[in-house]
Amino acid sequence: MASALLFAFSLAFLLPLLWTLRSALLPEGLAYALPPVLGPLTLENFRQVLEGPLGRGFRNSLVVASLVVLLGLPLAAGLGYALARYRLGGHPLRFAVLATQMLPPIVLALPLFALLRTLGLSGSLMALVLSHLAFALPFMAWLLMGFFQSFPREVEEAAHVDGATPLTTFFHVVLPLSVPGLFASGVMGFLFSWNEFLFSLLLSGRETQTIPVALSALVTQRGVLFAQVAAGVVLSVVPVALLARTVDRYLVEGLTLGAVK
């Protein structure tokens with residue numbers, strides 16, 4: 001009985017993904033045919049979306065998400081460690097960091113658009129990086145704060161006894177032993193930027209569209225191009241799935257260590 005329930009529960013998650021893959025491999029006219037068909041299969045939808053705006057969106061998303069992780073992870077590690085060990089700013093700063101995740105993004109959309117336009121960055125990839133970083137950084141810092149709180153103080157005290165300064169202890173002791181937490185925070189920041197839609201829609205230009213924005217462009221006056229949308233969704237999921245599979249051990253360990261505290 002338990003196995004049957006588990007199978008049904010797993011099937012509920014897998015069926016939408018399998019249906020999307022089926023639609024991506026069928027010609028446009030058969031993707032939403034009733035009754036459903038399973039052939040003939042083709043890769044034409046993947047070719048069309050890669051030759052269109054989605055191919056450029058794929059590259060833009062990869063660049064923006066990578067920069068968000070490269071710029072945000074060092075800042076998040078420093079802020080998370082300061083909040084965990086030195087209680088920087090006390091509870092008000094902790095609440096402020098958490099509050100950034102409570103605000104609806106649309107509240108900040110107009111001020112952020114005006115600010116980036118004043119700086120001359122509207123429509124550029126840097127505008128997307130800064131806007132994604134503004135929301136991903138607090139989440140990454142909060143995740144790392146929980147990880148650093150679970151880090152044994154005895155290890156840091158031993159380094160201090162050996163003459164290490166706080167900065168030396170942080171860079172040469174704490175960070176090397178915090179790889180699971182850093183991986184988890186980096187992957188979550190990458191996923192946040194990869195899937196972000198609202199700011200990408202408002203702040204991107206024709207040449208700087210990301211994957212979610214490029215997918216929305218497949219809704220044409222003739223209707224939704226289901227097969228091409230499905231092909232685009234499959235292509236957008238592949239890098240994330242490969243990334244999660246590559247670092248799954250660090251990801252699970254980093255998330256659980258921070259959550260147990």
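Begin by selecting helix H5 (residues 105–118) together with helix H6 (residues 125–149), whose axes come within 12 Å and cross at roughly 145 degrees; bear in mind throughout that this is a predicted model. Now show the side chains where the two helices meet: H5 contributes Pro-105, Leu-108, Leu-112 and Leu-116, while H6 contributes Ala-127, Leu-130, Ser-131 and Phe-135. Coloured by class, this contact of H5 with H6 shows seven nonpolar residues and one polar residue, with no charged residues.

Next, select helix H3 (residues 53–85), which has 33 residues and reaches 46 Å from its first C-alpha to its last, close to the 48 Å expected at 1.5 Å a residue. Follow H3 along to Gly-72, where there is a kink of about 35 degrees, shortly before the proline Pro-74. Continue past the helix to Arg-87, which follows H3 and has a positive phi, near 50 degrees.

Finally, turn to the aromatic rings, among which the structure holds nine pairs. Select Phe-58 and Trp-194 as one of these pairs: their ring centres are 5.7 Å apart and their planes stand at 90 degrees, over the 60 degrees that the class requires, so the pair is edge-to-face.

Definitions and conventions: Residues numbered from 1 in each chain as written. Predicted model: local features only at pLDDT ≥ 70, side-chain atom pairs only at ≥ 80, totals over all residues. Heavy atoms only, no water. Axes fitted to C-alpha atoms, helices over the stretch in contact; angles between N-to-C directions. Helix = DSSP H or I, 4+ residues; strand = E, 2+ residues; numbered from the N terminus. Contact = heavy atoms within 4.5 Å. Nonpolar A, V, L, I, M, F, W, Y, C, P; charged D, E, K, R; others polar. Expected span 1.5 Å × (residues − 1). Bend = angle between axes of the 7 residues up to and from the residue. Phe/Tyr/Trp six-rings, centres within 6.5 Å; stacked < 30°, edge-to-face > 60°.
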